[in-house]
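My entries are below the display.

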Amino acid sequence: MTAGIRWLYTPRRVSVAVDEEGVPLAVAGVEAVAVREEWVVEDRWWTPRRLRRHYFELALLDGRNAVVFRDGRGRWHRQRA
Amino acid sequence: MTALVSDLPVAALQGRLGLVEREAARLVEALARLGIGTLGELAALSSEHVADRFGPAGLRALRIARAEEELLVLGIHGAWEELAEEIELPEGTAGSQLERALELLVDRLLAAPRRKGRTLLGLRLGAVLGDGAGWSVAQGLGRPTSSARVLRAVLLPRLEELPAPAVSLSLRAVGLGPPAAEQLELSRPGDESRRHRLGAALREVRDAQGAESLLKVLPVDDDSRVPERRALLTPYPVPGR
């Protein structure tokens, strides 16, 4: 994308602690008390730049909601969605 | 004034020498072959040498290079100054997304600081197609304008002429007219007065803080499942610019 353009809702890397099934337990050190929703996005599967994300919407212990996803390489990102 | 043009390449002379295109190109090529690459280097030559080698056309070029023909200099500088914007398109962009991309290009072209409030005389809409081929089309404007609404209205139908899906879209001003503020205005009804004051305030902010200081959210693909493809920030169009 051309320099100067700013997309909204761009994901940012975040540290996420998970249980043995890969479900988030904490986001950036804040405990997740509930998984409110969970979904998978797959796109561009017909290209070399395949996009696969496993999203979780979480309720955090401090009362905030957080949407995080694990990408195809196992890295975690936080995103407003 | 000489300093204004001295760094310009001699190719900037083309179209301003009163010659047919082929002869002007021949003169520019000859200058380049002699190692005269900029108008500053041309200006440093003596009139006698230029007249001997290039005749009347060379002398005219020399007068431009020395800023002795001010109007020509202003024209040449205005035309040579590149005012263009380009945007890469996500794969499969078509329909309303393509129109959004064009709106974004128009907003960015109008918000470019180097436009300095000047109106546009004509545009060239271009694209790089999926197979790498180029496509472009010229669009006249009838009269000088800097209205985003007018530019969109004339350019949107041209998107239908795209021969294949595009991977990038570009928009270039092919001529710049007088600043919008210098154009005659017949009347300014009540709403327009408020709009005018708002425009002045926005211009002040933009001039002080830069083009990126005023932005608006441009929806691109509201329904995308990938959140970062839904919207982007684009320069806020300032009324009267």
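These are my notes, in the order in which I looked things up.

**Entry 1: ground rules.** I noted that this is a predicted model, where local features need pLDDT of at least 70, side-chain atom pairs count only at pLDDT 80 or more, and totals for chains, interfaces and linings use all residues. Residues are numbered from 1 along each chain as its sequence is written, while chains are lettered from A and ligands numbered from 1 in the order in which they are written.

**Entry 2: chain A.** I looked up the elements, taking helices (H or I, at least four residues) and strands (E, at least two) as DSSP runs numbered from the N terminus. Chain A has eight strands and zero helices, so I wrote its pattern as β-β-β-β-β-β-β-β. I then checked burial, where a residue is buried if 20 or more other C-beta atoms lie within 10 Å of its own, exposed if 12 or fewer, and partly exposed in between, with C-beta atoms placed from the backbone. Of the 81 residues of chain A, 15% count as buried.

**Entry 3: the sheet of chain A.** Strands count as paired if DSSP finds at least two bridges between them. I found an open sheet of seven strands in chain A, with antiparallel pairing and the order β2-β8-β7-β6-β5-β4-β3. Its edge strands, β2 (12-13) and β3 (16-18) of chain A, each pair on one side only. Inside the order, β5 (residues 30-43) and β6 (residues 51-60) of chain A pair in the antiparallel sense over 10 bridges. In this pair I located A:E42, which stands opposite A:R52 in β6(A).

**Entry 4: where the chains meet.** Residues are in contact if their C-beta atoms, placed from the backbone, lie within 7 Å. How many residues does the contact take from chain A and from chain B? It takes 17 residues from chain A and 13 residues from chain B. On the chain B side, the elements that give two or more residues are β1 (84-88) and β6 (231-235). That side divides into seven nonpolar, no polar and six charged residues. Here Ala, Val, Leu, Ile, Met, Phe, Trp, Tyr, Cys and Pro count as nonpolar, Asp, Glu, Lys and Arg as charged, and the others, Gly among them, as polar.

**Entry 5: β6 of chain B.** Two bridges join β1 (residues 6-7) of chain A to β6(B), and the two run antiparallel. A:R6 has B:L233 as its bridge partner, and A:W7 has B:L232. B:L232 is also the bridge partner of B:L218. Five bridges join β5 (residues 215-219) of chain B to β6(B), again antiparallel. Why is β6(B) largely enclosed by the rest of the structure? Because four of its five residues are buried.

Technical notes:
Two residues are in contact if their C-beta atoms, placed from the backbone, lie within 7 Å.
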